[in-house]
Amino acid sequence: MGKVGIWMYQNGGGDVIEQKLVNKLQESGHEVITNINLRYAVAENGKILFNGENLYELDCFFSYNAGQQTKYQVYLYETLDKHVPCINNFKAFRISEDKFKTNDLLRQNGIRTADYFLCHREDVETIKKKFLEWGKVVFKTVDGWGGLGMALVDSKDKLDMILPFLNRTDMRFFYIEQFIDYDGSDFRVDLVDNEFIACYGRKAKEGDWRTNVTSGGSVILRDDCSDEVIELAKRASKALGMEIAGVDIIFDRKRQEYVVLEVNGIPAFATPEQEKLGLNFNDKKIDKIVELINKKIKDKK
């Protein structure tokens, strides 16, 4: 029926997920090419070539590998998206990779996020004024993930210490969020084609405030995922135009409302260890992704 290209992460059981996905796609009559890492592709005379294949001849490209992204890979991804249906589409992917642009768009759609501001690195007085107003802030890189590049500042001494350090980096601007008073856990709502797949959570380790697993957080089951949380996640995904999304939501105890903290374009499948805990959504997610790919190919033709 069609030719599908896949670039899938391999760690944490990703190789098993990929094989299941390939099997399902082949059962649907598709030819599947795996391991399409655009880092090793070349563009030449109206083609993007990878191992002799002209990627413009794909009917769909499924890109699902956050850990190995390079600037070159993303650069070609943008161009490929203009010729081939990509999941996620590049525009949505690019926005979701940028915390400021994500929150700016969510706010434009009436969706509550952490209060934030962005300013030039030399605008130190604005940063100090905002810190005095908020009292507790989180410095973030706009394109970081997994909790990397974040710093919590809750005193003037810490602010005076971190600003000279940040000014020695190559950051051109600073993105800062007001710290939200929450219970140290979040909701991760998994969506495919804006349909609910699963909800689980992450909990920060003792003494930390970051829920990311790569920062020491642990995955937890969430039996308290309400319709309100799911609908908020769907609104966020729709606002960004994403085909696949993992929406992170926390409960603001001060304002007594749910807040979208982040929207991930490549939310991981459950690892074998997490499946043993009771996270059993992988097969459902694979089926929905195959349905989405089939729809993309049908619309293309």
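In which strand does Val219 lie? In this predicted model, Val219 belongs to strand β14, which spans residues 218–221.

**Val219 and its surroundings**

- Val219 has a relative accessibility of 17% and therefore counts as buried, the cut-off for that class being under 20%.
- Setting aside residues up to four places away in sequence, Val219 touches Tyr200, Gly201, Arg202 and Val213, and also Gln274, Leu277 and Leu279.
- Between Val219 and Asn54 there are 165 residues in sequence, and their C-alpha atoms are 40 Å apart in space.

**The parallel sheet**

- An open sheet is formed by four strands in the order β2-β1-β6-β7, with parallel pairing; its edge strands are β2 (31–33) and β7, each of which pairs on one side only.
- Strand β1 (residues 3–8) is joined to β6 by five bridges, the two strands running parallel, and β1 is joined to β2 by three bridges, again in the parallel sense.
- A right-handed β-α-β unit is made by β6, helix α2 (residues 71–81) and β7.

**Strand β6, enclosed by the rest of the structure**

- Five of the five residues of β6 (residues 60–64) are buried, so the strand is largely enclosed by the rest of the structure.
- Both faces of β6 are covered, with buried Cys60, Phe62 and Tyr64 on one side and buried Phe61 and Ser63 on the other.
- Cys60 has a relative accessibility of 0% and so counts as buried.
- The structure holds zero disulfides; Cys60 is accordingly in none, and the nearest cysteine sulfur, that of Cys86, is 7.2 Å away.
- Cys119 is likewise classed as buried, at 9% relative accessibility.

**Nonpolar cores**

- The largest nonpolar core has 30 residues, and those with the most contacts inside it are Ile6, Phe62 and Ile293.
- At least two residues of this core are supplied by each of β1, α1 (14–27), β6, β13 (195–203) and α9 (282–300), and the largest share, six residues, comes from α9.
- Leaving aside neighbours within four places in sequence, Ile293 is in contact with Val4, Leu25, Cys60, Phe62 and Ile87.
- Apart from this core lies another, of 23 residues, which includes Leu191, Val229, Met242 and Val260.

- In helix α5 (residues 124–134), the buried residues are Ile127, Lys130, Phe131 and Trp134.
- Seen down the axis of α5, these buried residues fall within an arc of 105°, so they line one face of the helix.
- An α-helix has 3.6 residues a turn, so residues three or four places apart point the same way.
- The exposed residues Glu125, Lys129, Leu132 and Glu133 are carried on the face of α5 that is turned away from its buried side.
- Gly135, which comes just after α5, takes a positive phi of about 85°.

**Backbone details in the loops**

- Most residues other than glycine have a negative phi, and most peptide bonds are trans.
- Asn35, a residue other than glycine, has a positive phi near 60°; Asn35 is found in the loop between β2 and β3 (42–43), and with a relative accessible area of 52% it is exposed.
- Asn194, also a residue other than glycine, has a positive phi near 60°; Asn194 has its place in the loop between β12 (185–192) and β13, and at 24% relative accessibility it counts as partly exposed.
- The peptide bond joining Ile87 and Asn88 is cis, with omega of about -10°, and Asn88 is placed in the loop between β7 and α3 (90–96).

Terms used. Residues are numbered from 1 along each chain as its sequence is written. This is a predicted model: local features need pLDDT of at least 70, side-chain atom pairs count only at pLDDT 80 or more; totals for chains, interfaces and linings use all residues. Side-chain values use heavy atoms; hydrogens and water are left out. Buried means under 20% relative accessible area, exposed over 50%, partly exposed in between (1.4 Å probe, protein chains only). Two strands pair if DSSP finds at least two bridges between them. A crossover is right-handed if, with the strands pointing away from the viewer, the path from the first strand over the helix to the second runs clockwise. A nonpolar core is a set of buried Ala, Val, Leu, Ile, Met, Phe, Trp, Tyr and Cys residues joined through side-chain atoms within 4.5 Å. Contact means heavy atoms within 4.5 Å. The arc is that of the directions from the helix axis to the C-beta atoms. A disulfide is a pair of cysteine sulfur atoms within 2.5 Å.
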